[in-house]
Amino acid sequence: MAACQKRDPYIFVTEVLGVEKPEDWQSEALCAIRDGHKRISIRSGHGVGKSTFLAWLVLFGLLCLGPDTKIPIAAGSHDQLRDTIQPEIAKWHRQLPVELQNQIDVHLERITIKCAPEDAFAMFRTASKDNPQALAGVHGKNVIYLIDEASAVAEIAFEVAQGALSTENAIAVLTGNPTKAQGFFFDTHNKLRDRWWTKRVSSED
């Protein structure tokens, strides 16, 4: 599969999942990851396709990055994970060719590669002030941190994760509505902008 040989999420989405034309911002962000950007932060309004984008990255990571791949998927609330992101992953899993569908198990709390469920998986974690370790303790050859509604994620969770996020093999993708004029997510678009690939997406577009 060319998408896996080239580690190219854009080819994976367009040729494997069959998405004829991703939204412009989705294409740009997929290509940014392909081109080696490891820190991605996307702020937007509602309904622009953030959950879809994260679902694509989960399936790409598990199928294309190799057997030692861990993907923590975090949000500020369990409801966001259960009601929005997990169903979106399940929907796009059904769009895969049957032979690829059969390689993946989709559960409520965990997405795994069947032949290596302890080595290649995605898991849901609630990153709240009561669970500051949500983004800590993840180790693997390939690690993709996907953090949705990042404005609502407790600051201490980002603080705990700083060491892991700075490792060479880790990719971090933050998405969310810019609801706060402070905090780590806000900073990635401001004083930390030189360290992050950032994108602002308008709901009107």
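**Around Lys-70**

Modeller: Happy to! A polar atom of the Lys-70 side chain lies 3.4 Å from the backbone oxygen of Asp-119, and the Lys-70 side chain also reaches the backbone oxygen of His-139, at 3.5 Å. Polar contacts here are N or O pairs within 3.5 Å, where within protein one atom must be able to donate a hydrogen and the other to accept it, and sequence-adjacent residues count only if both atoms are side-chain atoms. Bear in mind that the model is predicted: local features need pLDDT of at least 70 and side-chain atom pairs 80 or more, while totals for chains, interfaces and linings use all residues. Residues are numbered from 1 along each chain as its sequence is written, and side-chain values use heavy atoms, leaving out hydrogens and water.

Lys-70 belongs to strand E2 (residues 69-75); strands are DSSP runs of E, at least two residues, numbered from the N terminus. Lys-70 counts as buried because its relative accessibility is 9%, buried being under 20% relative accessible area with a 1.4 Å probe, protein chains only.

Beyond its neighbours within four places in sequence, Lys-70 is in contact (heavy atoms within 4.5 Å) with residues including Glu-118, Asp-119, Phe-121, Val-138, His-139 and Gly-140. Asn-142, Val-143 and Ile-144 are also among its contacts.

Note on methods:
Helices (H or I, at least four residues) and strands (E, at least two) are DSSP runs, numbered from the N terminus. Buried means under 20% relative accessible area, exposed over 50%, partly exposed in between (1.4 Å probe, protein chains only).
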